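Subject: Structure handover

Hello,

Here is the structure for you to look through. Please open it beside this email and follow along.

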Amino acid sequence: MKGGVRYEDLAVGTEIPPLAKIVTRDDIIAYAEASGDDNPLHQDDQAAIAAGFSGIIAHGMFTMAHLASCLVRWTEDPASLKRLRAAFRAPVYMGETIVAGGRVKALDPSTRTALLDVWVTVERDGTTEWPIKRSEAEIRLG
Amino acid sequence: MNTALEGKTYEAVTLNVDAGFVARFARAVADDGSFVPPTIVTAPEIVAGLDHLVADEDLGLDFSRLVHGDQEYEWLRPIRVGDVLVVESTIESIRFKGGHEFLTLRTEMHDEAGDMVVIARTGLIVRGEP
C-alpha cells in the first residue's frame with residue numbers, strides 16, 4: 001500500500017481529507033482489551049460519573065489511533081508517519097462522532113517531509129469541542 | 001508524587017508483535033488490517049510504563065485522579081509483524097503547577113538487533129482536589 005500522496009502534491013495550507021467515526025461502547029471495550037488500558041473511566045459509567053463526566057469516555061489513545069488512521073489512509077503508506085504528538089483537551093462520549101483532520105504548515109524539500117497541524121473535533125450541543133487540539137504530525141513521503 | 005523518583009527506569013518488558021495481536025488491535029481501531037497500526041505501540045507502553053507507575057508505592061500516584069494530557073510517538077521505522085520489541089520506561093520529570101501534578105514518562109522501544117524503533121513520551125496529570 002503505497003503511492004497515495006506525493007510530496008509534490010503538497011503546499012503549505014493543503015488540507016488532508018477528514019475521517020469521521022461514530023464511537024460506540026463496543027469500540028471502547030474492544031480498545032480496552034487490545035491496548036490493556038483497563039481504567040474504569042472507559043468501562044464503568046458510575047466510575048466516570050464519580051470523576052465528573054456524564055458517562056464513560058473514550059481513551060485518549062483511541063482518539064489518537066483514529067487520527068493516525070486518518071493520516072495513514074491519506075498517504076496510503078504507514079511508513080510515512082514519523083512523528084505524532086497529541087494534546088488531549090476534551091472528553092469523547094459514546095455515540096459521538098469524532099472527526100480527524102489536518103493541514104500542512106511547513107515543508108522541507110531536502111527530506112521530503114511535511115509538518116502538519118492535526119486535530120480531532122466533536123460537535124456537542126451546537127459547539128465544536130477539541131478532543132485533540134493544536135497537535136502535530138510529521139510525514140515523510142517518497 | 002515523590003519527586004525523588006525522577007530518572008527512575010522500570011524493568012523492561014518484551015512484546016512479540018504477532019499477527020493475532022496486530023489483527024485484534026487493527027479491529028479495535030477500525031483499520032482494515034492491511035498494515036500494522038502505528039499506535040499499536042500503546043499496548044506495550046502501558047505495560048512497561050503506566051502499569052509500573054500505578055504499582056510503585058514509593059511514587060504515590062493517585063490513579064483515580066489521573067488524566068492523560070499529552071502523548072507523542074516518534075517512529076524511527078514502522079512496526080512489522082514478527083517484531084520483538086524490548087520496551088523500557090523512565091520517569092523524565094515530576095512537576096507541580098496550579099495544584100496539579102505533572103509526570104512525564106519517556107519510553108524507548110528497541111528491536112532484537114538493538115536498534116531503536118520508537119521513542120514515546122507520555123504526559124500524565126494528577127488533578128488536584130477541587
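Below is what was found in it, starting with how to read it.

This is a predicted model, in which local features need pLDDT of at least 70 and side-chain atom pairs count only at pLDDT 80 or more, while totals for chains, interfaces and linings use all residues. Residues are numbered from 1 along each chain as its sequence is written, and chains are lettered from A and ligands numbered from 1 in the order in which they are written.

The sheet

Helices (H or I, at least four residues) and strands (E, at least two) are DSSP runs, numbered from the N terminus. Two strands pair if DSSP finds at least two bridges between them. An open sheet of ten strands has antiparallel pairing and the order β1(A)-β3(A)-β4(A)-β5(A)-β2(A)-β2(B)-β5(B)-β4(B)-β3(B)-β1(B). β1 (15-22) of chain A and β1 (13-16) of chain B stand at the edges; each has a single partner strand, so one side of each is left without a neighbour in the sheet. On average, neighbouring strands are turned by 20° against each other, direction ignored. Angles run from 0 to 180 degrees between N-to-C directions, with axes fitted to C-alpha atoms, for helices over the stretch in contact.

Within chain A, β4 (residues 113-124) and β5 (residues 127-140) run antiparallel and are joined by ten bridges. A:Val120 has A:Ile132 in β5(A) as its bridge partner.

Where the chains meet

β2 (residues 81-87) of chain A pairs with β2(B) in the antiparallel sense over five bridges. Across this pairing, the bridge partner of A:Leu84 is B:Tyr73 in β2(B).

Two residues are in contact if their C-beta atoms, placed from the backbone, lie within 7 Å. By that rule, 26 residues of chain B are in contact with 27 residues of chain A. On the chain B side, α1 (19-28), α2 and β2 (66-75) each give two or more residues, and β2(B) gives the most, with eight residues.

One residue in chain A

Is A:Ile28 buried or exposed? A:Ile28, which lies in helix α1 (residues 25-35) of chain A, is buried because 20 other C-beta atoms lie within 10 Å. The cut-offs are 20 or more such atoms for buried, 12 or fewer for exposed, and partly exposed in between. Leaving out residues up to four places away in sequence, A:Ile28 touches A:Val23, A:His42, A:Ile56, A:Ala58, A:His59 and A:Phe62. A:His59 is 31 residues from A:Ile28 in sequence, and 7.4 Å away in space, C-alpha to C-alpha.

Regards
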